Amino acid sequence: METKHKILILDDDTDWLDTCRDFLAQLPSQPEIRIAASGVRALAMLDAQKFRVLICDLKMPRMDGLQVLSIVRRRFPSLRTVVLTGLQDDQFRSRAYALGVDLFWLKPDMQENSQMFLDCIESFLGREDADGFRDNHARNLLDVIRMECLADNSSVLKITSSRLVAKIWFHHGELVDAAAEGADGEAAFRRILKWKSGTFESLPAEPERARTITKSVDALMAESEQRIDKYVNPGSPEELEQQKLVEQLAAIAVEGAEFLVSIPAKKEIAPKSWGVKGTENLTAWARHAEKTALRLGEILSAGPLNYVAGSNLERQLLLLPQNGKTFVVGWPPEAVGEKLFEQTKKLTFAWDS
Amino acid sequence: MGFLNWFSSPDPRVHNLPSGSFTVDRHGKVMSATVGADFPASLLHDIAWEILSVFKEARTAQMPLAEVSLDFAGLQVSARDMQGGAIIFLSPKNPLATPSPAGAKP
């Protein structure tokens, strides 16, 4: 039986809701369209039913659109979100994109370019069924990369997976560079291939991008497959554990960190650490600092937390939430602040993988 | 007439991200601020309390910090400890202007 996708429109202006509902009824796939006049009502509806797209106003009483979006982002990560507002301010556009919205439209633009707006919404409804990319990222991403190379294309592929964003640069069908999770070049490309889900979009070419990848796409993919094969046919558990430890310690040594603590979300599980003894105090502070930062971020609608940094004369600390864990990495005071975030991301990735 | 106000809904609005700096004493009282007057004072107090608590917890953990920075996608909150109080800087960011996908820098 064919099931229709559902769209939820959130706006405090009930006349606009009716107009919008009638307008979206023109969508070719004839989705079910529901409306909500408050953020609380919208969240309750999202909890009760599965929606494909949320179209959200920003300026609303009590709970504004950014607050709704920050909650939606966390609770319904696969929901496509569109901001439709009358607020013509770049700051709000930036903040909305920072919260991970898929599209930002001004109400007057939507009325002037109605067909384009409908096409965009229709593409959100159809994308999952059309190419399965969102649910099966790995297979389709490889296909896309191969196609870019075979077609001798010059473009930039932007890949988004949850809060992570990566880019792959192509020039005349050759892989030129990649950037992901603080890494560049081949390392970044390998990381992207490991991502389990995400979306991608093709951006205009950047021919001036410096080349950092010299291997062919096929060679990199073959290496990646060999690595996967190694995981599928591993050695003994002890060997694997030993190898993992060596890789983790090598990453710490290469980056020059003083210590690292990995704190699980559950308090009953003991933190893992290297380079520091007695992590109780540090763990207590990290849990408090992260909780505080998340609370502040939510109060201010400031977007996802990147990191918490702290410093004194003896060292610098960088706290990074990642995959349900909290990492605290200690750096010497002379470490260059500008690079610490990227270095910490690299380290935590090695420690967490 | 105040009675009627109970039934009126609050004005719809979206808060701008705060920009500027302010100082707080050890009790969380805002001493001076360059943050726009339209930014709610209650939120300023909330920020102050949360930041002071991060410094306080660090002292409790026997690793006192001189500076703390909370980096969000849209805003950076930086603070310097001032004998129990703090000076706090609020700097909104423009993620669209970020040149690299690697993200912001501390």
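Chain A carries an open sheet of 5 strands in the order β9-β8-β7-β6-β10, with antiparallel pairing. Strands here are DSSP runs of E at least two residues long, and helices are runs of H or I of at least four, both numbered from the N terminus. Two strands pair if DSSP finds at least two bridges between them. The edge strands are β9 (183-184) and β10 (199-203) of chain A, each of which pairs on one side only. Helix α8 (residues 185-194) of chain A packs on this sheet and touches β6, β7 (164-171), β8 (174-180) and β9 of chain A. The direction of α8(A) makes about 75 degrees with that of β8(A). (Contact calls for C-beta atoms, placed from the backbone, within 7 Å of each other; axes are lines fitted to C-alpha atoms, for helices over the stretch in contact, and angles run from 0 to 180 degrees between N-to-C directions.) At one side of the sheet, β6 (residues 155-161) and β10(A) pair in the antiparallel sense over 5 bridges, and Thr160(A) stands opposite Thr199(A) in β10(A).

A word on the model itself: it is predicted, so local features need pLDDT of at least 70 and side-chain atom pairs count only at pLDDT 80 or more, while totals for chains, interfaces and linings use all residues. Residues are numbered from 1 along each chain as its sequence is written, and chains are lettered from A and ligands numbered from 1 in the order in which they are written.

Taken as a whole, chain A has 12 helices and 15 strands. Of its 353 residues, 35% count as buried, meaning that 20 or more other C-beta atoms lie within 10 Å of the residue's own; 12 or fewer makes a residue exposed, anything in between partly exposed, and the C-beta atoms are placed from the backbone. Among contacts in chain A between residues at least 6 apart in sequence, 58% join residues at least 24 apart.

Two helices of chain A give a handy example of packing. Helix α2 (residues 39-48) and helix α3 (residues 65-75) of chain A pack at an angle of about 20 degrees, with their axes 10 Å apart. α2(A) and α3(A) are therefore roughly parallel to each other; the cut-offs are under 35 degrees for roughly parallel, over 145 for roughly antiparallel, 65 to 115 for roughly perpendicular, and oblique for the rest. The crossing of α2(A) past α3(A) is right-handed, that is, the near helix is turned clockwise from the far one by less than a right angle, with anticlockwise making it left-handed. On the α2(A) side, Gly39(A), Ala42(A), Leu43(A) and Leu46(A) meet Gln67(A), Val68(A), Ile71(A) and Val72(A) of α3(A). By class, this contact has 6 nonpolar, 2 polar and no charged residues. (Nonpolar covers Ala, Val, Leu, Ile, Met, Phe, Trp, Tyr, Cys and Pro; charged covers Asp, Glu, Lys and Arg; the others, Gly among them, are polar.)

Now for chain B. Its elements run α-β-β-α-β-β-β from the N terminus on, which comes to 2 helices and 5 strands. Buried residues make up 30% of the 106 residues in chain B.

Strand β4 (residues 75-82) of chain B sits in two hairpins. With β3 (residues 67-72) of chain B, β4(B) pairs in the antiparallel sense over 5 bridges, and the hairpin has 2 residues between the strands. Val68(B) stands opposite Ala79(B) here. On to β5 (residues 85-92) of chain B: 8 bridges join β4(B) to this strand, again running antiparallel, and Leu75(B) stands opposite Pro92(B). That hairpin also has 2 residues between its strands, and Gln83(B) takes a positive phi near 50 degrees.

Finally, the two chains meet. Contacts link 43 residues of chain B with 50 residues of chain A. The elements giving two or more residues to the chain B side are α2 (41-60), β3 and β4 of chain B, and α2(B) provides the largest share, 8 residues. That side divides into 26 nonpolar, 9 polar and 8 charged residues. One residue of helix α2 of chain B is Glu57(B); not counting residues up to four places away in sequence, Glu57(B) touches Trp285(A), His288(A) and Ala289(A). Glu57(B) is partly exposed because 19 other C-beta atoms lie within 10 Å. Strands also pair between the chains: 6 bridges join β13 (residues 305-311) of chain A to β3(B), running antiparallel, with Gly310(A) opposite Val68(B).

Note on methods
Contact = placed C-beta atoms within 7 Å.
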